[in-house]
Amino acid sequence: MSLKLFFLGLGLLVLAARLALDWLNLHHQQRHASELPPAFAGRIDARRLQRSREYSRAKGLLGLVEAASGGLLTLGFLFSGIFPGYDRLIGSMASGPISAGLLFFALLGLLQALLGLPFSLYRNFVLEARFGFNRMSFGLWCADLLKSLLVGGVLFVLLCGGALLLVQEFPQSWWLWVWGFWTLLSLFLLYLAPLLIEPLFYKMEPLHDRSLARQVRQLLGRVGLQAGKVLQVDASRRSGHSNAYFTGIGRVKRVVFFDTLLEQLTEKQVLAVLAHELGHWRCGHIRQRLLKGQLLVLAGCYGGFLLLQQQSLVGWFGLEQLGFAGQVLLLGWLAAQVGFFWTPVNSWWSRRQERQADRFAVELVGGGRELATALVSLARENLSQLHPHPLYSRVYASHPPLLERVAWLERQRA
Ligand SMILES: [Zn+2]
């Protein structure tokens with residue numbers, strides 16, 4: 001069996017596994033949708049439960065169609081004559097290796113964005129609208145699209161153009177240079193994004209509620225994070241979904257609450273959610289995630305360098321000749337296939353961090369009751385899935401299953 005056939009088989013296997021997991025989850029969710037766990041009794045009524053079932057079904061089906069079409073198109077592109085043809089076309093259009101690389105990825109990126117448009121339109125204006133979540137006008141959707149193309153374009157030229165230049169200048173050690181360049185740039189962006197990029201899309205403001213803001217400051221003081229910022233974002237301009245997150249390192253640490261979440265929760269519940277987010281900071285999760293990302297990029301750069309030096313990749317895929325960008329694309333695709341088998345480890349690690357942050361929150365606010373009721377309220381308002389398939393959760397879930405999490409929190413008394 002040729003290696004090309006082996007890779008095609010691997011691609012099909014990974015795609016089939018992803019689709020099977022999606023389908024399994026959808027089916028499981030539909031079968032158990034009408035079961036209301038005891039911790040949720042009296043907090044979610046039968047009508048909500050029915051809505052949540054319909055919502056998961058619609059979302060699940062759309063996800064399946066999107067994953068299947070995207071996966072098949074990618075395989076079709078890579079394993080037919082289209083890919084070497086595209087590579088030759090770019091080679092004939094560009095004047096040098098750097099412009100060839102930029103053009104190669106830019107056109108593919110644009111094509112991918114174009115193919116994603118119908119899904120984005122359907123998701124926002126049909127699916128999310130049907131369940132009362134969409135708040136975006138078509139004008140805002142277009143403005144977002146243009147702005148993200150612009151920001152994406154600038155970042156792409158910086159990241160990709162810079163890397164291609166380094167590859168050309170340091171042919172024997174580019175893996176280290178490219179890694180260093182990307183690391184510096186991403187640290188730089190961590191500081192610059194809140195100043196330059198986020199304001200293009202969102203309005204971040206200090207908490208409007210004075211009494212809440214005072215209690216938030218007290219809580220920050222108790223964990224020694226006076227310098228951290230707690231902000232609210234006008235997420236309600238786009239969607240009714242609610243969330244909160246923690247980001248940044250050093251002097252740009254901040255917790256961001258969606259304004260929708262602040263509307264849905266009581267003051268005590270908001271503080272419990274904040275305590276969980278602070279747990280991520282105190283347990284060093286942000287630093288760990290950054291470090292893990294950097295190590296992964298370093299390993300990827302070095303592995304890619306070794307494989308590209310061998311010059312055997314082109315032959316593996318049954319091709320005669322391929323530009324540098326084409327070879328990088330094949331490498332990226334291979335890494336993504338292998339990376340799929342790494343997903344459960346990644347998710348397990350993330351769930352472990354979420355449990356640590358929950359434990360921290362319980363200790364900080366004295367008991368798990370408020371966080372538990374907050375999670376139930378958020379699940380009700382967001383029509384969240386209550387019954388994901390256990391295998392699906394194992395592979396993908398970044399948080400412990402909601403029922404398990406709420407049950408654990410309810411047991412933690414002051
Ligand atoms: Zn968390």
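**Close-up views of a predicted model**

**View 1. The largest cavity holds about 50 Å³ of space.** This is a predicted model, in which local features need pLDDT of at least 70 and side-chain atom pairs count only at pLDDT 80 or more, while totals for chains, interfaces and linings use all residues. Residues are numbered from 1 along each chain as its sequence is written, and side-chain values use heavy atoms, with hydrogens and water left out. A cavity is a set of points, on a 1 Å grid over the protein atoms alone, where a 1.4 Å probe fits but cannot get out; lining residues have an atom within 4 Å of a point. Its volume is the space filled by probe spheres set on the points, which are joined across faces, edges and corners. Three cavities of 30 Å³ or more are counted by this rule. The lining of the largest cavity consists of Ile44, Arg48, Leu49, Ser52, Ala379, Arg380, Leu383, Ser384 and Leu386. Helices are DSSP runs of H or I with at least four residues, and strands are runs of E with at least two, numbered from the N terminus.

**View 2. A salt bridge joins Arg254 and Glu198 (2.8 Å, N to O).** Arg254 in strand β4 and Glu198 in helix α7 (residues 198-201) are 56 residues apart, and the pair links distant parts of the chain. A salt bridge is a side-chain nitrogen of Lys or Arg within 4 Å of a carboxyl oxygen of Asp or Glu. Arg254 counts as buried at 8% relative accessibility, as does Glu198 at 19%. Buried means under 20% relative accessible area, exposed over 50%, and partly exposed in between (1.4 Å probe, protein chains only). The whole structure contains nine salt bridges.

**View 3. Arg369 and Glu410 form a salt bridge, with their closest N and O atoms 2.9 Å apart.** Arg369 lies in helix α15 and Glu410 in helix α17, so the pair ties together parts that are 41 residues apart in sequence. Arg369 is partly exposed at 42% relative accessibility, whereas Glu410 is buried at 15%. Salt bridges with shared partners join Arg43, Arg369 and Glu410 into one network.

**View 4. The side chains of Arg355 and Glu404 meet in a salt bridge (3.0 Å, N to O).** Arg355 belongs to helix α14 (residues 343-365) and Glu404 to helix α17 (residues 402-411); the pair, 49 residues apart, links distant parts of the chain. Arg355 is partly exposed at 33% relative accessibility, and Glu404 is partly exposed with a relative accessible area of 40%.

Conventions
1 Å grid on protein atoms, 1.4 Å probe; cavity = no way out; pocket = protein on both sides within 12 Å on 5 of 7 lines; lining within 4 Å.
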